[in-house]
Amino acid sequence: MRRLALLALVTLSGCFYPANRGRALETKVDRLTADNTRMTEELKQAREQLSATLPRIDEKVAEVTQALESLDKASRRNDADIGIQLQKTVEDMAQLRGQVETYLYKITELETSLARVTEESEKKLLALQGSAAVKEAEAKKQAEALQRPTDKKEFLTLAQEKAKAGEVLVARQLFSEFLKKWAKDALAGEAHFGLGETYFGEDKCREALFEYGKVIQDHAKTPSAPEAYLRSSDCFAKLKMKDESRLALEELVKSYPKTDAAKKAKAKLAELDKAKKPAPAPTPAPKKVSK
């Protein structure tokens, strides 16, 4: 029962956002979304107009081709009539070509504007969310630029190496991507632990607890499971949750008694027990005997 309580606690995430900032952000998002929708609709209409015009051009090309092929068979017709027909066909094609060029220019202009609006929207949204969101976006771009190993073990190793090198946000992107690709794999526990470590290093204990909880609950046999208990205890301690911190240490000792993490847990429990012992009462001074 106590273990279930611990699991429930470590799998809770704590993402909070002020209500007033949230409403302002929603207003900005709605406005930017409306702009994007309008631009997309204009682009769609221009493409539809182009699609409707192209068949007419093809038809005129076919007419010209047919006319040219039949010139040698038109000996009975007046040369002037043939010339007039060809001239009209050429003029019609020139007019259609002009329309196509106009549509293509308009489409290019709309695509450029849409790309600019989308980029500006993303920047504004990131700015509203704060500097952390900007850094996350930059890290995502860096992660996307990396060459991805196709082998899952090499992929996980790459994420772990980035974390050790101090590229925490890039590592976080890679761990998250690993979990999307191989969520049910045996290595997923190590990915959850690595992701938790990226949060723990930034003192984001609630987010870290969620990832450590996934290790404890779903990947109890992964090598980092004992460390997940130990880290959970540290997180609870930082959150001033002393009872939960102690419970994590006790469960660690109980579940993984022969691990190095369990040795550390025992030492911490001993320190906690020592701190709980009341200080010895002072020895009372001997009473003076009256003569």
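Select Lys238 and Phe200 to begin: Lys238 lies over the face of Phe200, 4.4 Å from the ring centre, where a charge sits over a ring if NZ of Lys or CZ of Arg is within 6 Å of the ring centre and within 35 degrees of the ring normal. The model is predicted, with local features needing pLDDT of at least 70 and side-chain atom pairs counting only at pLDDT 80 or more, while totals for chains, interfaces and linings use all residues. Residues are numbered from 1 along each chain as its sequence is written, and side-chain values use heavy atoms, with hydrogens and water left out.

Next, turn to the aromatic rings. A search of the whole structure finds 5 aromatic pairs; rings of Phe, Tyr and Trp (its six-membered ring) pair if their centres lie within 6.5 Å, and planes under 30 degrees apart count as stacked, over 60 as edge-to-face and the rest as tilted. Select Phe155 and Phe178, whose ring centres are 6.2 Å apart and whose planes stand at 50 degrees, so this pair is tilted. Phe155 belongs to helix α5 (residues 152-164) and Phe178 to helix α6 (residues 168-181), so the pair ties together parts that are 23 residues apart in sequence; helices (H or I, at least four residues) are DSSP runs, numbered from the N terminus. Phe155 is buried, at 1% relative accessible area, and Phe178 is buried too, at 0%; buried means under 20%, exposed over 50% and partly exposed in between (1.4 Å probe, protein chains only).

Now select Cys235. Leaving aside neighbours within four places in sequence, Cys235 is in contact (heavy atoms within 4.5 Å) with Phe200, Cys205, Ala208, Leu209 and Tyr212. Which residues touch the most other members of the largest nonpolar core? Of its 34 residues, they are Phe175, Tyr212, Cys235 and Leu252; such a core is a set of buried Ala, Val, Leu, Ile, Met, Phe, Trp, Tyr and Cys residues joined through side-chain atoms within 4.5 Å. The elements that give two or more residues to this core are α5, α6, α7 (188-200), α8 (205-218), α9, α10 and α11. Then select Met39, Ala46, Ile107 and Leu110, which are among the 6 residues of a second, separate core.

Finish at Glu109, which is found in helix α3 (residues 79-129) and counts as partly exposed, at 42% relative accessibility.
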